[in-house]
Each structure stands twice: as C-alpha cells, then as structure tokens.
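Reader: I would like to learn how to read helix packing and ring contacts from a model. Please take me through one example.

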Amino acid sequence: MTVDLRSDTVTRPSKAMLAAMMAAEVGDDVFGDDPSVIKLQETVADLTGKEAALFVPSGTMSNQIALHVATTPGDEIYCDEGAHILNFEAGAGPLLSGIQLYPIRGDRGIFTPDQIEERLRPPNNEHFAPSRLVEVENTHNRAGGVVWKVEQMSVLQQFCNERGLHLHLDGARIWNAAAATGLNIRAWTDLADSVSVCFSKGLGCPVGSALCGSKEFISKARRARKRFGGGMRQSGYLAAAALYALTNNRERLTEDHRRAQLLAQALQALGYRIDAKLVETNIIIFELPDQSDATQLVNFGKENGVWFTSFMKTRMRVVTHLDLDDEKITKAIDVFEKFLKFNR
C-alpha cells in the first residue's frame, strides 16, 4: 500500500468520473461548440457569480491569462511573497505579460490594504511602473492552506475599488475554503474582479481550471488562451469530469480536512514542529524536530511506502485528498514515528 501525500493533484479519476467522461457529448471548443464545455463554463460562472467563464488546461494558465488581460506591459502587481503566481509559475508574469510582481510579506499569506498603500507608485509619474492589480490566493498554499476571512477580503476590495486596482482571486482551492467555513464560494468570488478555480486538486479531476469574470474580460481571455496555446478541441471529455466533481466531490472535502487534522495532531504529539490548531484545510506544513535535512525524511518515507515532498531544507508539506482513507493516514503516522526512532 502506497500513501501519496505529495499533493491533492495526484488523485486519479474514480470509475464514476471516468464513466461520466466517456458518456460526454463533445464538439470542438476552439470553434466554441463543445456542449460539455459550454455547460461547465455556464455552471462555473453561475457558481462564482460572474457573467462568463473560460475552461483552461491549468491553474497556472488561468492565473496568467487573468494577469495578461488585466494589465499592460510595464505594469506592477501586488501579491503575498508566498503566492503561487510569484513562486510556482516559472516566471510567467514578466515573460508572457511584461509585468513586475511586488511581493508583500503577509501574515500566513494574508496582507492588508495598508501594506499595499505604502508600496503604491505615484500616479502619472514616468519614473515608476503603474500600479495595476492586487492578487489574493485563497486558500493559500505556501502558508499551509490558510483561508482568507471574508471580512479581510472585503476591506481589500474596497481599497482596490478606491484606487482603481483590479482584484484577482487565485481560488485554486476555493472549494476547500468553502468546505472549511460552511460559506458559499460567492462570499469571496463576489469581491473579486476575476477568479481562477481549479478542478484537478481537491475535486479529483485529471485536468482543468476555469477563469471567471465579466463577458468582456472573458472574451479577451479567450484570445489570450489561444496565444498561450491553451485552445483545446474535444475537451468536453475533461469538462465532463469537472461537472461530475462539482456535483459529487465538493461536500466530501471536509473528510480531507478531518484527516489533515488527525495527521497534524499526531505529528505535533510526536514532536514535529507544528501547531495543529493552525491547520485549517488539507495542507500541513511542519518542520523536523531536530532541524535535520528534510530530504532524509523524504527518502525514508519513500522506502516505506509513504510519499511526500520537502518544503525548503528543513520544512515538509503533506496534503490530504480523496484517494486517502483513515488506514493510509495511520500508516503515514507510523512512518513518521519510525523515522524519529531511526534517527535517534
């Protein structure tokens, strides 16, 4: 039995999801006539409260299309220093859109309008890059699945409106935020000008994300998707997986959160450096008790059938998902305990 805790992206489609994919009605999405893609886009637009949505291959492409459409080359955008768009999208913002990213040191991924205010460039001054966009990540991956409070984002939205800044929400794991709080995702998406959501993480799909916004914004996004090489043909097979997941896999995310808590509490009890109370969703970030090299734990885990990834030299990240059950969590805990005994 292998326990894969590397990410919630490692899941495989269930038999029911595969059946839905094989039964999908398809067309050619580049021509705009794939009925399954059309249905998915309408569904996601409705869920997020936006006028339109665009199905794309990945969350990175969805984010980068949003940045591309909302800015012009030379613009500056603001994000948390741990943001996915800054750290894990291969430098795409400057490369594809000619923009510069100004990182903000938030509190576990959360930053305030005051922190942006002190960094805003003087308007109409030729020496500075124009301030154009603010990006929020919810839940925040690198901060350990932290959920933005609606009140925090509401204050940020008001600030952006007053300053004429576009507010983009990277909601790759917005479904987890909703499951953790019991709120509808529109509590956050209504506050953003554009929203990216992902189907291939907690929802268990093999491929796919969606970008949501106004009709005008998504019309421009469709052209950008073509430029970035994201136009797909009979992508209704993939859209059918997302439609299945939206119907069947959102409510069960609370199980992933419950298992993350079980694992976090066990790690804390064993002496790993973590505060289980700070684990809000399905991502757990912790440090080894003796500050030893995390690659040792990664290698030990793989030798014993438990896979996870190091997160910097002494930090680890593990993620729960729908392909795990309580038995696999128990095995993972056993391996963490054996590692400590092996290294003493």
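Author: The model is a predicted one. Glu-327 belongs to helix H14, and its C-alpha atom is 9.6 Å from that of Val-3, 324 residues away along the chain.

Reader: Which two quantities describe a pair of packed helices?

Author: The angle between the axes and the distance between them describe two packed helices. Here, helix H12 (residues 253-270) and helix H14 (residues 326-342) have axes that come within 10 Å and cross at roughly 20 degrees. Angles under 35 degrees count as roughly parallel, and H12 and H14 are therefore roughly parallel to each other. The crossing of H12 past H14 is right-handed.

Reader: Which residues of H12 and H14 meet?

Author: From H12 come Arg-258, Arg-259, Leu-262, Leu-263, Ala-266, Leu-267 and Leu-270; from H14 come Asp-326, Ile-329, Ile-333, Phe-336, Glu-337 and Leu-340. By class, this contact of H12 with H14 holds nine nonpolar, no polar and four charged residues.

Reader: At what angle do helix H13 and H14 pack?

Author: The angle between H13 (residues 294-303) and H14 is about 120 degrees, and their axes are 10 Å apart. H13 and H14 are therefore oblique to each other. H13 also passes H14 in a right-handed crossing. On the H13 side the contact is made by Gln-296, Leu-297, Phe-300 and Gly-301, and on the H14 side by Val-335, Phe-336, Lys-338, Phe-339 and Phe-342. The residues of this contact of H13 with H14 comprise six nonpolar, two polar and one charged.

Reader: Phe-336 is listed in the contact with H12 and in the contact with H13. Is Phe-336 buried or exposed?

Author: Phe-336 has a relative accessible area of 0% and is therefore buried.

Reader: How many aromatic pairs are there, and how are the rings of Phe-286 and Phe-336 placed?

Author: Rings count as a pair if their centres lie within 6.5 Å, and the count comes to eight aromatic pairs. For Phe-286 and Phe-336 the ring centres are 5.7 Å apart and the planes stand at 85 degrees, so this pair is edge-to-face. Phe-286 lies in strand E9 (residues 283-287) and Phe-336 in helix H14, so the pair ties together parts that are 50 residues apart in sequence. Phe-286 counts as buried, because its relative accessibility is 1%.

Reader: Which residues do ring pairs link into a cluster?

Author: The cluster consists of Tyr-272, Phe-286, Phe-308 and Phe-336, linked by ring pairs.

Terms used. Residues are numbered from 1 along each chain as its sequence is written. This is a predicted model: local features need pLDDT of at least 70, side-chain atom pairs count only at pLDDT 80 or more; totals for chains, interfaces and linings use all residues. Side-chain values use heavy atoms; hydrogens and water are left out. Axes are lines fitted to C-alpha atoms, for helices over the stretch in contact, and angles run from 0 to 180 degrees between N-to-C directions. Helices (H or I, at least four residues) and strands (E, at least two) are DSSP runs, numbered from the N terminus. Angles under 35 degrees count as roughly parallel, over 145 as roughly antiparallel, 65 to 115 as roughly perpendicular and the rest as oblique. A crossing is left-handed if the near helix is turned anticlockwise from the far one by less than a right angle, and right-handed if clockwise. Contact means heavy atoms within 4.5 Å. Ala, Val, Leu, Ile, Met, Phe, Trp, Tyr, Cys and Pro count as nonpolar, Asp, Glu, Lys and Arg as charged, and the others, Gly among them, as polar. Rings of Phe, Tyr and Trp (its six-membered ring) pair if their centres lie within 6.5 Å; planes under 30 degrees apart count as stacked, over 60 as edge-to-face and the rest as tilted. Buried means under 20% relative accessible area, exposed over 50%, partly exposed in between (1.4 Å probe, protein chains only).
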